[in-house]
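Here's a quick briefing to read with the model open beside you.

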Amino acid sequence: MLAMRRWAVRHAGALERAYLAFRPILRGLRPLVGWLGAERVQPPLARVEAAVKGLLFDCRMCGRCALSASGMSCPMNCPKGVRNGPCGGVRADGTCELRSEMSCVWVESWRGSLLMSEGRLPVRLVPAVEHNEAGASSWLRVMRGETAQGLAPTPRATSSDGRFDALLNSGAFVVTSELSPPDSADPEDLHQAAAVFSGAVDALNVTDGAGANCHLSSLAGCTLLLRSGCEPIMQMTCRDRNRIAIQSDILGAAALGVTNLLCLTGDGVEHGDHPGAKPVFDLDAVSLLDTARTLCDEGRYLSGRRLRSAPRLLLGAADNPFAPPFDARPLRLAKKIAVGARFVQTQYCFDVPLLARYMQRVRDEGLHERCFILVGVGPLVSLKAAHWLRRRVPGVHIPDALMARLQSAADPLREGIRICVEMVQQLREIPGVAGVHVMAHRHHDLVAQVVAGSGVLAGRTALFAGRSTAGVTR
């Protein structure tokens, strides 16, 4: 199957032409389907389709075929079920984040798309799978004149009433960071952990089971921070919730005062502290963004049912300019912007020239004018930590020259902070970069040192101010 799937990618252009010739034939059979009845036609047609597509594409018969929008590489072979990929965890050699023995489905998709009529992956939403249609024939949908995929959303400029939104629009160079909530039900533990960011950042991401590990929920963490006057960004992943729970939590967050939402696909459960858990991945990051936009801009659920009051949220996304396929990354960003992303936070940047080339592509597409791009940075605390990031975190790229600089340093920690400060200062000079997202896992106290050393907050006061829980109602 793998050999045939790769053959299909190598011949994506020919297969596209064959399908375009086949589609009018399917449409011409519509009167016959009407005469026989779709219920009678469905079973035999689905068996034939499954045999043909299974051989050529290792098709899973999701009922919502996306091959024409994915370079003839079936996205249902992605372990996360990402239908608007690639995700940010692609390894440097192009293999899958979760299954290192297989090529990333979306790396193959990119190769196939270059041979097709658009010459690249299309910037349009591939809707989530409708699981009740699994096993159904997509050919029958064509016969009946139904559109299976390829929606082109036209969102309004989703915004909020939050202070972070206003700061971004003011033109200030913004600073964010992130905090994994504690393994505790005591609110004081959260506030003590957040206090080290006070005066150093403008908003603080509260992670949602980062690394697929259990912590206090992001929704609860954001609510507690809001009560003490802080500016949180709620992260939401697709790993643990289906679309019903996702929409409920988005409404709940807005009702509790959350104004910033970062939409993520999420890490696989394989590397977390519950590897036997069942992953959900009902949506991916792009369809999650579109879901949130639909709630905010259209005031309705995905089902079409109307809301009495729509949420007002600033929607954000993540991006990784440092993982293959590199040429597809600006297009992936464009897709996220098209479905509602107003700000973007990237993976760690340790290679400024590579980021500069990415930003050139972003400016060529005009994407920097449609969203605020915050580049991820972080201090390397030791050579051992740098090696660990390189080996264990797919999607993180650390150049050899930087590794050599750490190795030769008399004080690697001080050198790591100095490198990070230099990067922040260089990034500030790149057109289109609206700020930085400073990450320092388990070394949160270093964030303030980096920000102070870089001088990016000179002349203004950071929004985020951590406070004690004294007087806060539990």
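**Briefing: loops, barrel and cavities**

Arg442 sits in the loop that runs between strand S8 and helix H17 (445-454). Keep in mind that everything here comes from a predicted model. The fold to have in mind is a barrel closed by eight strands, and a search of the whole structure also turns up three cavities of 30 Å³ or more.

- Arg442 has a positive phi, near 65°, and isn't a glycine. Arg442 is also exposed, at 71% relative accessible area.
- Met72 has a positive phi too, near 65°, again in a residue other than glycine. You'll find Met72 in the loop between H4 and H5.
- Is Met72 buried or exposed? Met72 counts as buried because its relative accessibility is 6%, and the cut-off for buried is under 20%.
- Gly85 and Pro86 are joined by a cis peptide bond, with omega at about 0°. Pro86 belongs to the loop between helix H4 (38-57) and helix H5 (105-113).
- Another cis peptide bond runs from Pro324 to Pro325, and its omega is near -5°. Pro325 is in the loop between S5 and H12.

**The barrel**

- S4 (residues 260-264) and S5 (residues 314-319) pair in the parallel sense over four bridges.
- Thr237 lies in strand S3 (residues 232-237). Thr237 counts as buried because its relative accessibility is 3%.
- Which residues does Thr237 touch, leaving out those up to four places away in sequence? The contacts are Asp208, Leu264, Thr265 and Gly266.

**What covers strand S7**

- How many of the six residues of S7 are buried? Six of the six are, and S7 is mostly covered.
- In a regular strand, side chains alternate between the two faces of the sheet.
- In S7 both faces are covered. Phe372, Leu374 and Gly376 are buried on one side, and Ile373, Val375 and Val377 are buried on the other.
- Helix H13 (residues 352-364) lies across S5, S7 and strand S8 (433-438), and runs at about 170° to S7.
- Helix H12 (residues 329-338) lies across S5, strand S6 (343-348) and strand S7 (372-377), and runs at about 165° to S5.

**The enclosed helix H5**

- Eight of the nine residues of H5 are buried, so H5 is largely enclosed by the rest of the structure.
- The buried residues of H5 are Val105, Trp106, Val107, Glu108, Ser109, Trp110, Gly112 and Ser113.
- What covers those buried residues? The cover includes helix H1 (2-10), helix H2 (12-28) and H12.

- In general, rolling a probe the size of a water molecule over the atoms shows where empty space is left.
- The largest cavity has a volume of about 110 Å³. It is lined by 14 residues, and those closest to its centre are Cys78, Pro79, Cys87, Cys96 and Cys104.
- By class, the lining of the largest cavity has 10 nonpolar, two polar and two charged residues.
- The second largest cavity holds about 90 Å³ of space. Of the 17 residues that line the second largest cavity, Cys59, Cys62, Cys65, Ala66 and Cys74 lie nearest its centre.
- The lining of the second largest cavity divides into 10 nonpolar, two polar and five charged residues.

Conventions. Residues numbered from 1 in each chain as written. Predicted model: local features only at pLDDT ≥ 70, side-chain atom pairs only at ≥ 80, totals over all residues. Heavy atoms only, no water. 1 Å grid on protein atoms, 1.4 Å probe; cavity = no way out; pocket = protein on both sides within 12 Å on 5 of 7 lines; lining within 4 Å. Points joined across faces, edges and corners; volume = space filled by probe spheres on them. Nonpolar A, V, L, I, M, F, W, Y, C, P; charged D, E, K, R; others polar. Pairing = 2+ DSSP bridges. Helix = DSSP H or I, 4+ residues; strand = E, 2+ residues; numbered from the N terminus. Contact = heavy atoms within 4.5 Å. Axes fitted to C-alpha atoms, helices over the stretch in contact; angles between N-to-C directions. Buried < 20%, exposed > 50% of the residue type's maximum accessible area, 1.4 Å probe, protein only.
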